[in-house]
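Okay, thanks everyone. Let me put the model up on the screen, and then I'll talk you through it.

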Amino acid sequence: MTEEIDVEEVDSETLARIRERTLREEKKQLHMQKVHNLIPKLKEIVEEEIPE
Amino acid sequence: MRLHRLHLTNFRQFRTGSITFAQGGDNNVTVIHGQNGSGKTTLRNALTWVLYGDVNFSLRPNHLGSQGAFAEVEPGDSIRVEVTLEFEDEDIDYELSRWVEYQKQTASDYQGEIIDEDVSLTFTKSDGTRGTRNNPQDSIEQILPHRLSSLFFFDGEYITQLSEKRSDDEIREAIQNIMGLKIIERSIDHLETVEARFEDELQDAASSELKSLMETRSELRSTKEDHEQALESAEETRDTLISEIGEIKRKLEQIDDSAGLEEDRTQLENELQQVETRIEEINDEIEDTISTKGHLPFAMPAVEATAKDLDKLRDQGAIPSEVSNQFVDRLLDDEECICGRPLEPGTEAYTSVASYKSEAVTEGFDQAAIRIISHLTQLDSERDDYFETIDELLQQRSELRDSEQEIAEELSEISAKLEKIDVVDPETGETPAELESAREKKADQLEDAKADIVRHEIKIEELDADLKEINTQIDDARQDKKEAELARKRMRATESVRQQLESSFDQLQTRVRNWSNKLVDDTFAEIATKEYKAEITDEFELRIKDQIQDEYLEVEKSRGERQIASLTFIGSLVQIARERYESSSDSEHFSGGIYPIVMDSPFGALDSDHRRQVSAVVPRMAEQVVVLVTDSQWRGPVANELGGRAGKQYRLAFDSGEGMGNYPRTTIEDETPKQEI
């Protein structure tokens, strides 16, 4: 059982784009034991998709 | 990835030599055979060295350079050790070279000191474009990840180990990597960190009320995490104990003095299991009956009072009866009144009699009252049924509990008897009494572990409910700062994406397990001589089972069977990766790949029959297969089966270099039959 999240405020297309871009970035570094600068990159993706 | 050519210079006993690999189609196998110590393992190591800089030699692991080459140069001079691999991937031709420059230090130095080393990867695209990869190691990792290489470049020893329990983690990891589960798993982890960063931003910008709520949430999450870890640990303890108890059970079954009692215990335990299952079912039935009909006993006093009131009202005429309306209708239909007057439609008499008929609303009320009275009578009967059902279920449960108690007593007696058998078993050196005592202790620990599991599960469920509640409160809290609102929005979006990925992970995991299970079993059925079944379990473990009556039980595997199981598994992985490569879509983010298989001495532990069967399947395991075998393994069934599929065949001619001024040396001789023109 997990906490239920209500994200009505972010449309499903945006969430799908975040998902796809995240997986693309992960794929680039899949072979690395330690990821390089990946967390800031993923955070940036979310910030770009949900701008101010 | 398709291997084209391997070239070695001064690499261990190879002064210079090349292997051109057979390509796909009917002749996709490259056979390299030679006597023991001729350099088969060195060739496999040359491949892993050029690709990853890794070697695994049991003898003189740091001596990469050829002794002969060192002998020919003076101290201070250098020799170059180099391996070049030409291959193709995704329609691009690559040339990968790794080299080390050694300087000879003294006259008797045959190891040298590294003075320079490098690796380079050049490529030629199909349109003729040429170039060099800036980071060759990263590019190689993309083409054939190092973590997967042991599955495709392996020796006989490795494949024997692979089907043993200690390799379960490796199998799980391999399947998850190949099938793209890893990428999702890593994304989930990383997005969790991103969420935490947005949460930090939110806390910085949030109101004091919100901050306090979020702190509470952090504490709840941390507590939940503690319980999840404790749950995982308790589950591991439970699994270990179950396995240890199973092991003791097997020993007791094998000892003559305790075998009979152990058999009785197994039977009783099965009976107990059935009784417990039935008790659970009855409890469910009782719960179901109470939840659907449990209101009846409580409602009946009110129902009976209502029925009486309705009867009374009918007696008093307050509720017109159904008969009165029917009676009026009949008089009107007959067109004659009870007093004998004719009742013609439109006459005053007709209208007068018709007016006795109840109005529509009253009619509905009348009918409803009748229906209610009838239903009330029915409810009374349902209440009786309810009591009867509950009584019956309680009676059954009570009887089952008696049986449960009896079985428990019998089990206790068996345990007491076993604890008295003090005869030492010559094979294990243990007595049934000692084994039983250890079993009892572990059984107690198992009960504790199970109780812990339930306790943590309940706690986690409670914490989930608390977290849900606090999330609502956080949502309700006023977000007066724009920055806080934005951070919150981003955090929740990240959380939502993570949850979507978790759900995808679960779905894909099930799909992958079913797929790999089918492939492994199909391939295994083709090779195995016995009627065994290969299975990838829910935990992604490779198991071989035998059908005993209606159920499959895990079997102890011989070395040969273990090798076959592992080869089956590796072949299935290669097939899965290839199928995934051929049917990959952008949305899956893991396109699979075409991987070659390089097998070093894969037939060692197999008998002649198994060698022939494995040889028949090997060419189908991958699009490109390289088999390194000893001369003795190559002869007979292996050569008969594989010879026809060998597109390239080499012999390693080894000269041990005994005598002054000579050094071990292997030359590679091409034995591929010339094509007839």
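Residues are numbered from 1 along each chain as its sequence is written, while chains are lettered from A and ligands numbered from 1 in the order in which they are written.

Chain A, then. Its mean pLDDT, the predictor's confidence in each residue from 0 to 100, is 80, and 79% of its residues reach 70 or more. Where pLDDT is low, the predicted coordinates should not be read in detail.

Of the 52 residues in chain A, 23% are buried. Buried here means 20 or more other C-beta atoms within 10 Å of the residue's own, exposed means 12 or fewer, and partly exposed is in between, with C-beta atoms placed from the backbone.

Have a look at H2(A). This helix has twelve residues and reaches 17 Å from its first C-alpha to its last, close to the 16 Å expected at 1.5 Å a residue, where the expected span is 1.5 Å times one less than the number of residues. Which residues of H2(A) are buried? Leu38(A), Leu42(A), Lys43(A), Ile45(A) and Val46(A). Looking down the axis of H2(A), those buried residues fall within an arc of 150°, so they line one face of the helix; the arc is that of the directions from the helix axis to the C-beta atoms. On the face turned away from that buried side, H2(A) carries the exposed Pro40(A) and Glu48(A).

Now the contact between the chains. 25 residues of chain A are in contact with 30 residues of chain B, contact being C-beta atoms, placed from the backbone, within 7 Å. H1 (12-28) and H2 (38-49) of chain A each supply at least two residues of the chain A side, and the largest share, seven residues, comes from H1(A). That side of chain A splits into 13 nonpolar, three polar and nine charged residues.

On to chain B, which has 19 helices and 15 strands. Buried residues make up 28% of its 677 residues.

Go to strand E3, residues 29-34 of chain B. Six of the six residues in E3(B) are buried, so the strand is largely enclosed by the rest of the structure. Val29(B), Val31(B) and His33(B) point one way, and Thr30(B), Ile32(B) and Gly34(B) the other. E3(B) pairs in the parallel sense with E13 (residues 625-630) over six bridges, pairing meaning that DSSP finds at least two bridges between the strands. There, Val31(B) has Val627(B) as its bridge partner. Six bridges also join E3(B) to E14 (residues 646-655), again parallel, with Gly34(B) opposite Leu652(B).

Last stop: E5 (residues 92-103) and E6 (residues 113-124) of chain B pair antiparallel over eleven bridges. E6(B) and E7(B) form a hairpin with five residues between them, and Gly128(B) in the turn has a positive phi of about 95°.

How values were computed
Predicted model: local features only at pLDDT ≥ 70, side-chain atom pairs only at ≥ 80, totals over all residues. Contact = placed C-beta atoms within 7 Å. Helix = DSSP H or I, 4+ residues; strand = E, 2+ residues; numbered from the N terminus. Nonpolar A, V, L, I, M, F, W, Y, C, P; charged D, E, K, R; others polar.
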